[in-house]
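Trainee: Please take me through one part closely, a pair of packed helices. Start with how the copies relate, then zoom in.

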Number of protein chains: 2
Amino acid sequence: MTHAQRAAAGVTFPNGFRAGGVSTGIKRSGRPDLGIVLSDLPANAAGVFTTNVVRAAPVEIGERRLRSDASSLLGVLTVSGVANAMTGPEGVSDNEEVLTETERAFDLPRGSLLPACTGVIGPRLPVDRILAALPSLRAGVGAGREHADRAALAMLTTDTRPKEAAVRLRLRSGERVRIGGMAKGSGMIAPQLGPLHATTLGVLTTDAHVDAPDLAAVLEHEVDSTFNMVSVDGDTSTNDTVYLLANGAAGGPNAADDPAFRDGVHAVLESLARQVARDGEGATKLLTVRVHGAHTLTDARRAARAVVSSTLVKAALFGADPNVGRIACAVGYSGAKLDPTRLDVSIPRPHRSIPLIVDGRPADGLDNGGGRRLRDLLRQLDEVPLDVDLNAGRATATAWGCDLSYAYVQINAAYHS
Amino acid sequence: MTHAQRAAAGVTFPNGFRAGGVSTGIKRSGRPDLGIVLSDLPANAAGVFTTNVVRAAPVEIGERRLRSDASSLLGVLTVSGVANAMTGPEGVSDNEEVLTETERAFDLPRGSLLPACTGVIGPRLPVDRILAALPSLRAGVGAGREHADRAALAMLTTDTRPKEAAVRLRLRSGERVRIGGMAKGSGMIAPQLGPLHATTLGVLTTDAHVDAPDLAAVLEHEVDSTFNMVSVDGDTSTNDTVYLLANGAAGGPNAADDPAFRDGVHAVLESLARQVARDGEGATKLLTVRVHGAHTLTDARRAARAVVSSTLVKAALFGADPNVGRIACAVGYSGAKLDPTRLDVSIPRPHRSIPLIVDGRPADGLDNGGGRRLRDLLRQLDEVPLDVDLNAGRATATAWGCDLSYAYVQINAAYHS
């Protein structure tokens, strides 16, 4: 984050975007389940979608709409509580009907909205409920922070909190631009979105001017090092979708190649990715694994993902158990090239790192007093950072995950019911 | 199991094998932790080992001994409670000392025993304790069923029960031969052994005559469709090892190409693999996934393994929740080629199959009365079989796993302590 500053705001932070969310009654809790993000100007848009071959209807529709025209989109309509997956041709026509009626209700051209859904796989969209809620959705749309918050709330499922992020930055060309975003994701999280994966939904907005093909390239590139590096449970969802809308309200030339813009998109995606991992189902701790010294970027990513995805590492983390063998084991089966006798792992701390593994062996003292102190530290930490050095090259990568708790099992043994 | 018959026995079932096990005090519980299997005749031997690049000392030693001479081995020495992994050169010399002293105590030629260890990663082998127990280990060795049982007990860690299997069969050449085996494995189970993976340890014995290179080929081939198709937690261990000793006591020509012999090895490995999955840490149910109609064998194995490995499928199984979307989701991200609209999934039952997914959509009635009946059935079943038909070809594969319970988290949040 060299060129951009974070701000406490979401999708309405950039100029020319409005948002809103209402409850249609899909969720038993009565929480908001229908959300919208609107651009006041036709926007260039990009999307990345799950690589799962079992794809939800909104994924099919979103991809098709972007392929036919990615340069005059006006917004995103989200539904939570129902995934609209495994619903066949009816699922597609249900979702198209909902989009068409929403476009009509908001006086938008046909085909100008992108869809995203998340929730239970199998049931069909409750079209009538959604159509009945459109007048109140329209009445509640606005450009304020609270409107972005409503839209962020309306995409949640088992999430315990909304996820928003925003940055502002100055481009080389002088324009000040803003980027905002929101995401959901708590379970079925191991996104590999086109190329990425989870049910992670994300919507990013910016008032920068970026040409549509370039926008897709920027989104794909930055998603690879952010959303695609998150795992809660290793299950790559049928519905994963991240959209980025650029309405050009800030003016200026195409910002695609401006490092400040790319850094800004990365910062918003990384913040959202961390929030998704932190809010993983049942999670009590965020795990951040930074791999250094990998032979290739692919190796770095494999090793980082293997550690955050390891069921045994996750369970040990929940128990504040400094079981360093499980970390080495996960690195060892990740597929990354390494000499196991050169593996170093530590917990970076403000004043000095705490070594866990040195030259492929448990650090001295872990089995006595040092182990007890480490356990106390792990208990206190809300976020546990691990530095893994493969000493095999110069590539680096970061992955985010969370611990595996009793609550995870409880949530997922009964989610469907 | 066309050519062989199961029998209630383990590694001493074939002629010319003895076994035993004692407690050296490594485990706080005082349970047996040092085991031995001995052949009365020099045996041809084969081994498959973890593909994890972080490999325990006994894996290094076992592989080296088999490479230098696979045709005059006399047994396997197992230690449980300590993995002897991440122990550097000292770990190798510790284990070699233990082997040498055991060979001396049993009057065996130097280099004639193969090692296997399982347990906590990091600590060194308690060499003195082990050496002190050698006289009682020797005194307790015998050829009876109870001796095989002791050896099977002595390899367990978090396992709740020993795992043994045996078959007898008649070869084409007329000889009657026997195959026996034992295994351990409960957590860190996702074996890909050389080529296989887990901490799964297995020792198989047979009195058939099989030449050493052929024995390795048979073991590798049969492990691929049995041990390599088991997942408890997706973590491929540093210690996975399966040995097969053939002492030729039954006489006859080389049985390597005899389908009856191969089927026998498969039957023993499959029985042990199922027992490992059934006894997965915290497991309350065995999950058996049979994939049919895959385009290739690789696709079939990928799809079957993805379903048994899915955290969300496993949690739903624990909750007896017929959440069929999670099954389709796992098949979808497995990498297997399929048309999602042709996916069929059912639970085979003695009288008729219960459809869960038909043509890629949830079977009719799952959301009302059918769902309740299915939930009741899932609650009752100790073993849940799933038939998955990709309708994309003719290849088939079976994988074994288990559910994800509160007990799994409990066991693994505190295993190290």
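Mentor: Copies are superposed by least squares on the C-alpha atoms of residues with pLDDT of at least 70 in both. The model is predicted: local features need pLDDT of at least 70, side-chain atom pairs count only at pLDDT 80 or more, and totals for chains, interfaces and linings use all residues. Residues are numbered from 1 along each chain as its sequence is written, with chains lettered from A and ligands numbered from 1 in the order in which they are written.

Chain A goes onto chain B by a rotation of 180° with 0.0 Å of shift along the axis, at RMSD 0.0 Å. That is the relation of a two-fold axis. In chain A, the C-alpha of A:Y406 is nearest the axis, 2.7 Å from it.

Now the pair. Helices are DSSP runs of H or I, at least four residues, numbered from the N terminus. Take α9 (residues 311–318) and α10 (residues 324–333), both of chain B. Their axes, lines fitted to C-alpha atoms over the stretch in contact, come within 9 Å and cross at roughly 155°. Angles run from 0 to 180 degrees between N-to-C directions. So α9(B) is roughly antiparallel to α10(B), a label for angles over 145 degrees.

Who touches whom? α9(B) brings B:L312, B:V313 and B:A316. α10(B) brings B:R326, B:I327 and B:A330. Contact means C-beta atoms, placed from the backbone, within 7 Å. The crossing is left-handed: the near helix is turned anticlockwise from the far one by less than a right angle.

Terms used. Helix = DSSP H or I, 4+ residues; strand = E, 2+ residues; numbered from the N terminus. Parallel < 35°, antiparallel > 145°, perpendicular 65-115°, else oblique. Contact = placed C-beta atoms within 7 Å.
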